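Here is a short report for a first look at the model. Keep the structure open while reading.

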There are 4 protein chains.
Amino acid sequence: MIPRYSRPEMTSIWDPETRFRIWFEIEAHAASAMAELGVIPHHAAKKIWDKGRNAKFDIARIDAIERETKHDVIAFLTHLAEIVGPEARFVHQGMTSSDVLDTCLNVQLVRAADLLIIDLDHLLAALKRRAFEHKTTPTIGRSHGIHAEPVTFGLKLAYAYAEFDRAKQRIVAARREVATCALSGAVGTFANIDPRVEVYVAEKMGLEPEPISTQVIPRDRHAMYFATLAVVASSIERLATEIRHLQRTEVLEAEEFFSAGQKGSSAMPHKRNPVLSENLTGLARMVRAYSIPAMENVALWHERDISHSSVERMIGPDATVTLDFALARLTGVIDKLVVYPENMQKNLDKLGGLHNSQRVLLALTQAGASREDAYALVQRNAMKTWEQGKDFLAELKADKDVTAKLKPAELEAMFDLGYHFKQVDTIFKRVFGKA
Amino acid sequence: MIPRYSRPEMTSIWDPETRFRIWFEIEAHAASAMAELGVIPHHAAKKIWDKGRNAKFDIARIDAIERETKHDVIAFLTHLAEIVGPEARFVHQGMTSSDVLDTCLNVQLVRAADLLIIDLDHLLAALKRRAFEHKTTPTIGRSHGIHAEPVTFGLKLAYAYAEFDRAKQRIVAARREVATCALSGAVGTFANIDPRVEVYVAEKMGLEPEPISTQVIPRDRHAMYFATLAVVASSIERLATEIRHLQRTEVLEAEEFFSAGQKGSSAMPHKRNPVLSENLTGLARMVRAYSIPAMENVALWHERDISHSSVERMIGPDATVTLDFALARLTGVIDKLVVYPENMQKNLDKLGGLHNSQRVLLALTQAGASREDAYALVQRNAMKTWEQGKDFLAELKADKDVTAKLKPAELEAMFDLGYHFKQVDTIFKRVFGKA
Amino acid sequence: MIPRYSRPEMTSIWDPETRFRIWFEIEAHAASAMAELGVIPHHAAKKIWDKGRNAKFDIARIDAIERETKHDVIAFLTHLAEIVGPEARFVHQGMTSSDVLDTCLNVQLVRAADLLIIDLDHLLAALKRRAFEHKTTPTIGRSHGIHAEPVTFGLKLAYAYAEFDRAKQRIVAARREVATCALSGAVGTFANIDPRVEVYVAEKMGLEPEPISTQVIPRDRHAMYFATLAVVASSIERLATEIRHLQRTEVLEAEEFFSAGQKGSSAMPHKRNPVLSENLTGLARMVRAYSIPAMENVALWHERDISHSSVERMIGPDATVTLDFALARLTGVIDKLVVYPENMQKNLDKLGGLHNSQRVLLALTQAGASREDAYALVQRNAMKTWEQGKDFLAELKADKDVTAKLKPAELEAMFDLGYHFKQVDTIFKRVFGKA
Amino acid sequence: MIPRYSRPEMTSIWDPETRFRIWFEIEAHAASAMAELGVIPHHAAKKIWDKGRNAKFDIARIDAIERETKHDVIAFLTHLAEIVGPEARFVHQGMTSSDVLDTCLNVQLVRAADLLIIDLDHLLAALKRRAFEHKTTPTIGRSHGIHAEPVTFGLKLAYAYAEFDRAKQRIVAARREVATCALSGAVGTFANIDPRVEVYVAEKMGLEPEPISTQVIPRDRHAMYFATLAVVASSIERLATEIRHLQRTEVLEAEEFFSAGQKGSSAMPHKRNPVLSENLTGLARMVRAYSIPAMENVALWHERDISHSSVERMIGPDATVTLDFALARLTGVIDKLVVYPENMQKNLDKLGGLHNSQRVLLALTQAGASREDAYALVQRNAMKTWEQGKDFLAELKADKDVTAKLKPAELEAMFDLGYHFKQVDTIFKRVFGKA
């Protein structure tokens, strides 16, 4: 996570201010619950809220205490005691640091997921708008980078829409994975804290009680969360790669918006490069990599060790901030993508009609040729087009073995673009619910 | 995937025989659908089924054809034509290899997931049985490898149960991710194949139609699948690590079953090592690693490239077979785990009652001490126990600052194990639905 | 490692026969050394060699013994005793299984490295031959997929040559990392075995004595080895990606050799796809992934645990066999690559001379324009070429602000291809030692 | 990279100030070289140095320009022109941004490597000092967490010393991998810049000229660099794991230094946890993960794309700063490690002499027993010790099958600790060059 690739709303989730505020809320809600249960005096809980609700926690002071105690939660509690006064001794009763830290982390991850879901909604809206705009814009479909058969540019965006719709569902599931709260005390036995405190705080913080914790919330939940982010990042890489290909000089079917004043190269003034999409490719690599330490974090020793902590201090912000930035950047790229339908048509025409090879193949088999013979017949004419730039239809019409099965007029009728697009509406209905 | 770490049922999913059988079923069901739609003659579909239903595909022959065509599906279709006869030209009409390959892969991954779910059911049953067996067996809970407060051994197994129950839900979700079928033809436009063929085949193969495919089924689905397996493997590593710790010479609270005739070391006849759990740790590393190439597979070029294929030929079997083996091995370890309650008690007693330090701390704050003072009071007595092996209760009773707040009898009452276990039933109810 | 992506010589390194043969050699050489030191009788060492030198070890028998003992080295030693007779009690004196296993693994990894070095020599030879063949074949250099300035196709291959020359040096270093032998006995103290036995066996097996082992050879060595393979695989991916780009329909500057009889697509007979290069991309992903568990293997517990073993049983063959196959496949691709110089020229001409934009920019600054002004001047003419297909030179000559600084003849002289290639010889000398 | 896990010297390498200073030096040295070659006026080169040598670059101003141009090097050059004046048009002649960026990155990585080498020297010194201090301190060696045979604590530290000595050599090699400089201009052809400029600047910046660059310095170099850091991090994890084990309550053979005022737990005042070592474990996971995107960066498209850039902006600082911090932290842990020889002895005695089982086994074979019979004899007595806590020597002396081969006095003589340590000097000489 570096400023260049960060947006403020996501970044602020990981600010010390936010963290201490969440810590306070967990402690204060716990105090309220304990007061209700008669474990601590009602006035103490009230005092904690009164003093802390609008307190500005002094981060430098907390840091100073931590330098001595080498324990961040104790440092915070000590500072809180300075604010609350003697009633502070009723704070954190029967709780352990992990109760605060883990519940806080999950609040942060849930908030981050909420922002990511909004990001995805924006991206989906952009994809949908551009998909309908180009629903019938013909372009060549490519397999292996080689012209295959025609698709529409709208279909390309519809693929992406469907993929990011799955991404959204996955983030929703990942959010649910980490939306738990643990206030179970040392080694998770509730020996010194009533389980009802956990239920109360969970509800207040918008979480579910963790059914069984071992002082820490189990890290398989977080592994699943970060693995999900990694998969979403991989989908970003896919769409970014598509755009990078489309902007190639020889293809130039679409282009990232190039703003006035922008410079493509310090040396070559003619350059207009898909730098945003390339950047997204790199960011995707990072988000993907963070999944590995998240998974290595699962195997904590016995009831807990703290090896996960340094990892999470890094990947908590790094993964969410980077993915948020990438999703927003990708949305901008799609929103402002400059599309060149005439270049698409030009490229489509490039292979002299070869993209109809399959249709001819099928017609030959329908006309009685074996699959193998039909394949050989079509391939030998196709290769003349491929290698010598001949017109595919003309070659077919000149091939007696072909015309023995299919009349020239039948062949001509097969070179019709509409044939390829007859199911576009069907597909759009599947993806968008309407065509 | 190597024989040493493989079980036959999972391995057989990836056999060439199984693959060709699934390919045949996809082609034959597609023929049936096309016959119903009037695209090919009914007798042709019937002939395909009649000839192919019980055919034994000749793998050596298919391999020989592939060596020439360098295309596996064409090789299969050519061989199938040898079996079916002239009607074979109605096979694969309007389809592309990916329709067969991707739908087959998803059938295999779904079947693999089904086996993994059964594996998890067995593991969950073993964990539950042993958890109830040791529901009240006291043992020390450890954070950072250091004695913390008491738990029960049943709780340790209940943690694992809850984690593998989540694992099961995740595999169910991963199965759903890949349970799709695509028969959309070249570049996925259905130009040469009716979408109703896809719907028909999907239903016959137990899958859902892929809403939009690009010749290939999008690989974000598979990335999610393998990422999920990786998370489950990480949970295996956690439980395996726990057992390795418990079997350490100095701890020896539990031990892998050591069969008659087994030898622990070629050099040291006294050894009995947790080799199964160590082995599981290594296997988990492998399954985890496979998630990375699965995620790198997502960004295929344009409508498809085939870079994913070599990866999937490897990790398809490698990840599922290894995870299946690991889950079964772990189930065996849990089922036969030798548990030593007396050693647990001995270890629990080792720290001279220090595990009650928090309870004393809380009582001191309840008796009016500030959190900071109480902490210091307890810590100074605890350190005498820690460093000089003194009895913690005796030290406390001898400390006037302590006894100014708490009477000796009160202190003694705090050294009661039952205090720590009063919520075990609550937790078991949360985890197992009953206590 | 699957047969499809395996070559026999590398695979045979990992055969059980090879492994048992290496085990025997280690044991027999150790016996010779011990006989020399007087630890065991000379006739015993002789008998071991006499009986074992040409013995065919019965793998099924060894497996059967292992099923009982659950220990592979003990199983082998028991079988060896059946072959050698009573003197077998002098085998493995003071040694531990790891002495045999780890030294054997390193022998295998060294042999694998030797094959990889040969593979790289072949690849380097192919790259060099083709580089000189196309030393002066002009082609456009591309940054961001966008035309930049001209290079030669020979330079592209020279880049690859330099990279794989580094790869070779890295494999040489990786080989050195694992070329060690340990015969230090239990926990590595040489308590029961003379260090001179290790020195003797190391020399016989072509290894160096491990300076300090802990029963196992430290796994940082193997981590480095597999990490190196992963980096080499990444270089394969780079060159494969280049070829995939060059074969794109719109680019078609080079093409994988397409053999007679080969079929590109089951549906579209016109297809000729860069499937080998795509395959290499996938294989590279796999070799890269194996580095992660290799690194996780480093942190064994205390003097050793066996979690590394299952990982190495898999990645030992998987990584080396796959990389060997990939290097050989890449060599074939380069050797037989079909190059289209006329297409290169056609593409080079595509941007109407824009690739000379920098030269004009520099001339303008030399003629007194500030860098910023010169940049703006060139960019405004370049954009007309980029967006409207105008001829760049013509536009420049028609721009009065340009011609105020540079005369038309001067401008024309700047559109000379040779200008870009004047240092090709210099570069070739740096890379190949000659031009 | 977060402040909590950062040290200032390494962090400062990645400061904007440092970066711009290095950029300036590259540009200014290039100007000097060009002046010598007569490409630009001598006074211009002088002016660039005069104005820039002590200039303080205005980061906010550069950022503002970049917001318009979207190009960081152009922004810097524009700002530099504001400082230098009209002669600035002679800056960056024939160069491209990558010349500046890549050479700068390599300067930073070289400086980072230099700091890491110093870190390793400190760590090695600490390990050596403590190794000699405890050269003869007996402790039990453990395989699989199970007591094996005795070692000395000095040997444990010597293992680590040898491993980090290899780590140092690897960093030296990694430094060499990235110590290259490229000033080859657009697409690396030197069309607009004399190769002698590169040679000159390389020498001034302490680098070697990159033999062949493609505008960018090839990223296999950086992949190797970060992979090496990842391997070193894995070695940190190994030593950290050892300490975590040694500090376990049941083992307590060594302990991280616990400072006055430090608090181990907010809930349990008795806790002293190996939190630094656990932290190191987590940090190692991070540094390891960064190797994956570094390797994915290798396959840039054609002569270059910019997907590597976002990755390197993150992992450049993240990997080096984190590893620097971790090495320093580990050095502190080793330096101040509290060692408990008496606990080591106590643990060593725990298994009733079982660690001599191999010696008895060997003596039995020397006395004529077959290996299998001897193993069975020893194992049956060992298991009584293992399972019932019997004294191993007493059991052996009471076993008639044993005493038929070995007299009681012979057996007694085998229970001598010195036997295990007779080669400690040999090993120390191998590792440290002296004993």
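## Two helices in chain D

From H6(D) come D:Leu105, D:Gln108, D:Ala112, D:Leu115, D:Leu116, D:Asp119, D:Leu120, D:His122, D:Leu123, D:Ala126, D:Leu127 and D:Arg130; from H12(D) come D:Glu312, D:Gly316, D:Thr320, D:Leu323, D:Asp324, D:Leu327, D:Ala328, D:Leu330, D:Thr331, D:Ile334 and D:Asp335. Contact means that C-beta atoms, placed from the backbone, lie within 7 Å. By class, the contact of H6(D) with H12(D) has 13 nonpolar, five polar and five charged residues. Ala, Val, Leu, Ile, Met, Phe, Trp, Tyr, Cys and Pro count as nonpolar, Asp, Glu, Lys and Arg as charged, and the others, Gly among them, as polar.

H6 (97-133) and H12 (307-336) of chain D pack at about 15 degrees, and their axes are 9 Å apart. Axes are lines fitted to C-alpha atoms over the stretch in contact, with angles from 0 to 180 degrees between N-to-C directions. H6(D) and H12(D) are therefore roughly parallel to each other (an angle under 35 degrees).

## About the model

This is a predicted model: local features need pLDDT of at least 70, side-chain atom pairs count only at pLDDT 80 or more, and totals for chains, interfaces and linings use all residues. Residues are numbered from 1 along each chain as its sequence is written, while chains are lettered from A and ligands numbered from 1 in the order in which they are written.

## Chain A

Chain A has 20 helices and six strands. Its C-alpha trace spans about 100 × 50 × 40 Å along the principal axes.

## Where chain C touches chain A

In this pairing, 36 residues of chain C contact 36 residues of chain A. Elements of chain C that each supply at least two residues include strand E2 (146-152) and helix H9 (220-247). H15(C) gives the largest share of this side, five residues. By class, the side of chain C has 16 nonpolar, twelve polar and eight charged residues.

How values were computed:
Helix = DSSP H or I, 4+ residues; strand = E, 2+ residues; numbered from the N terminus. Parallel < 35°, antiparallel > 145°, perpendicular 65-115°, else oblique.
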